[in-house]
Amino acid sequence: MADQSSSSGSSSSSTRPSHNLEIMDSGPAHAVVPLATCPHLKEVKPLPPAKINARTACSECQIGAEVWTCLTCYKYNCGRFVNEHAMMHHLSSSHPMALSMADLSVWCYPCDSYVHNPALIGAKSAAHESKFGETMPS
């Protein structure tokens with residue numbers, strides 16, 4: 001399909017259809033904003049002596065994709081879009097929070113939300129160092 005943005009073949013911002021801007025300006029951006037605090041942060045335990053291994057597979061199915069670590073017992077399990085072992089661990093143990101080895105986000109199951117709080121920096125830093133081989137930028 002030929003580029004129909006201009007007759008000269010070059011594209012500029014002035015030739016963009018204005019309806020794209022209307023869509024972008026028509027409402028909230030739908031950004032994911034983590035909670036700054038939640039009542040379950042007290043369940044986050046200190047790092048184990050082995051720290052965090054971002055390359056660990058799920059303890060149940062041994063799949064290495066979308067692995068989360070429980071921030072109470074530091075058990076590694078796969079996420080909802082693999083075999084749901086992290087969620088099943090939460091349901092059976094009531095351990096509320098898990099850290100993603102993929103993007104280093106923290107999910108609180110009871111709050112049904114991501115959380116970012118200074119209490120989580122130690123675990124996130126350990127996972128970052130394991131995953132990238134360097135300390136997490138501050």
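Visitor: Where is Y74 found?
Guide: Y74 is found in the loop between β1 and β2 (76-78), where helices (H or I, at least four residues) and strands (E, at least two) are DSSP runs numbered from the N terminus. This is a predicted model, in which local features need pLDDT of at least 70 and side-chain atom pairs count only at pLDDT 80 or more, while totals for chains, interfaces and linings use all residues. Residues are numbered from 1 along each chain as its sequence is written, and side-chain values use heavy atoms, with hydrogens and water left out.

Visitor: Is Y74 buried or exposed?
Guide: Y74 is buried, with a relative accessible area of 10%; buried means under 20%, exposed over 50%, and partly exposed in between, with a 1.4 Å probe and protein chains only. Although Y74 is not a glycine, its phi is positive, at about 60°.

Visitor: What about phi of E66?
Guide: Phi of E66 is near 50°, again a positive value in a residue other than glycine. E66 is located in the loop between α1 (18-24) and β1 (67-70), and its relative accessible area of 25% makes it partly exposed.

Visitor: And V67, what does it touch?
Guide: V67 is in strand β1 and is buried at 3% relative accessible area. Not counting residues up to four places away in sequence, V67 touches T56, A57, C58, Y76, N77, C78, L99, S100, M101 and A102, a contact being heavy atoms within 4.5 Å. The C-alpha atoms of V67 and A86 are separated by 8.0 Å, with the two residues 19 apart along the chain.

Visitor: Changing topic, how many cavities of 30 Å³ or more does the structure hold?
Guide: The structure holds 1 such cavity, and the largest cavity has a volume of about 50 Å³. On a 1 Å grid over the protein atoms alone, a cavity is a set of points where a 1.4 Å probe fits but cannot get out, and lining residues have an atom within 4 Å of a point. Grid points are joined across faces, edges and corners, and the volume is the space filled by probe spheres set on the points.

Visitor: Which residues line the largest cavity?
Guide: The lining consists of W68, T69, C70, K75, N77, A86, H89, H90, H95, M97, A98 and Y109. The elements that give two or more residues to that lining are β1, α2 (85-93) and β3 (97-100).

Visitor: Where is H89, and what is it in contact with?
Guide: H89 is in helix α2 and counts as buried at 12% relative accessibility. Leaving aside neighbours within four places in sequence, H89 is in contact with C70, C73, K75, N77, S94 and H95.

Visitor: Stepping back, what pattern does the protein follow along the sequence?
Guide: The protein follows the pattern α-β-β-α-β-β-β-α, which comes to 3 helices and 5 strands. Of its 138 residues, 33% are buried, and residues 24 or more positions apart account for 50% of the contacts with a separation of 6 or more.

Visitor: Where does pLDDT stay under 50?
Guide: It stays under 50 over residues 1-24, for which the model has 5 contacts beyond four places in sequence. The mean pLDDT of the protein is 85, with 79% of its residues reaching 70 or more; pLDDT is the predictor's confidence in each residue, from 0 to 100.

Key:
On a 1 Å grid over the protein atoms alone, a cavity is a set of points where a 1.4 Å probe fits but cannot get out, and a pocket is an open set with protein on both sides within 12 Å along at least five of seven lines; lining residues have an atom within 4 Å of a point.
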